[in-house]
Amino acid sequence: TIHIMSSFVPFFYYLAPQLVLIGLLLASVFYLTSEVLRQNNINIPLISKVTELASRSRDNGKIVLGPITLCAGIFMSFTLFEYRTATLAVFALSFGDGVASLLGKTFQGPKIPFTFGKTFSGSIGCFSFLTLVYYSCGLRLPQALTMAFCASLIEIFPTGDYDNLLIPIGVGVIAQNFII
């Protein structure tokens, strides 16, 4: 849900780019501070509860990096790429990774070898949903299919929370240099 909610960032960036970039940095600092406090048994009511609900077993006893890398991936997209490319990159992260996680956990099914638990249902969902999103964003069907396929391949890499950096940067590089 958090990933999918980040799909609104390009809209706000279009209206107030500097404010959004500052907001992403402040959100990262605030969240990191709340995580350090949580590690010291000082909970910030809403933030700590959401973190506990969203964390995975691999996060037990550690700082949960997902929200920080999510903000960093979005921030880097808008600082490295022009607006349209950055938007496609953020959508890969918000919709592609979000849908892959949601469907992979909901339907489970067979796992993709060497991916540490990624599922075919998650990857197929990622590809299908991103194809629709990219086509809706004005890409021609071959472009939308290619972008969705590349994003799905990047999403499969077993990088833990660092996929929040790898997905938007990888998709942005592909979009900027080969697709758009």
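Author: The expected span of a helix is 1.5 Å times one less than its number of residues. In this predicted model, helix H5 (residues 66-80) has 15 residues and should therefore span 21 Å, which agrees with the 21 Å between its end C-alpha atoms.

Several residues of H5 are buried, namely Gly66, Ile68, Thr69, Leu70, Cys71, Gly73, Ile74, Ser77 and Phe78. The cover over these buried residues includes helix H1 (2-5), H2, helix H3 (17-39), helix H6 (83-107) and helix H9 (163-179).

From H9 comes Asn164, whose relative accessibility is 2%; Asn164 counts as buried because the cut-off is under 20%. Leaving aside residues up to four places away in sequence, Asn164 touches His3, Gly66, Thr69, Leu70, Gly73, Leu93 and Asp97.

Another element covering the buried residues of H5 is H2. Helix H2 (residues 9-15) also gives the most to a nonpolar patch, with 4 residues. This patch lies on the surface and is formed by Met5, Phe8, Phe11, Phe12, Tyr14, Leu15 and Tyr83, which together have about 820 Å² of accessible area. Tyr14, one of the patch residues, lies in H2 and counts as exposed, because its relative accessibility is 59% and the cut-off is over 50%.

Conventions:
Residues numbered from 1 in each chain as written. Predicted model: local features only at pLDDT ≥ 70, side-chain atom pairs only at ≥ 80, totals over all residues. Heavy atoms only, no water. Patch = residues over 30% accessible without salt bridge, like charges linked within 9 Å, V, L, I, M, F, W, Y side chains within 5 Å. Areas by Shrake-Rupley, 256 points an atom, 1.4 Å probe, with all protein chains shown as cover. Salt bridge = Lys/Arg side-chain N within 4 Å of Asp/Glu carboxyl O. Helix = DSSP H or I, 4+ residues; strand = E, 2+ residues; numbered from the N terminus. Buried < 20%, exposed > 50% of the residue type's maximum accessible area, 1.4 Å probe, protein only. Contact = heavy atoms within 4.5 Å.
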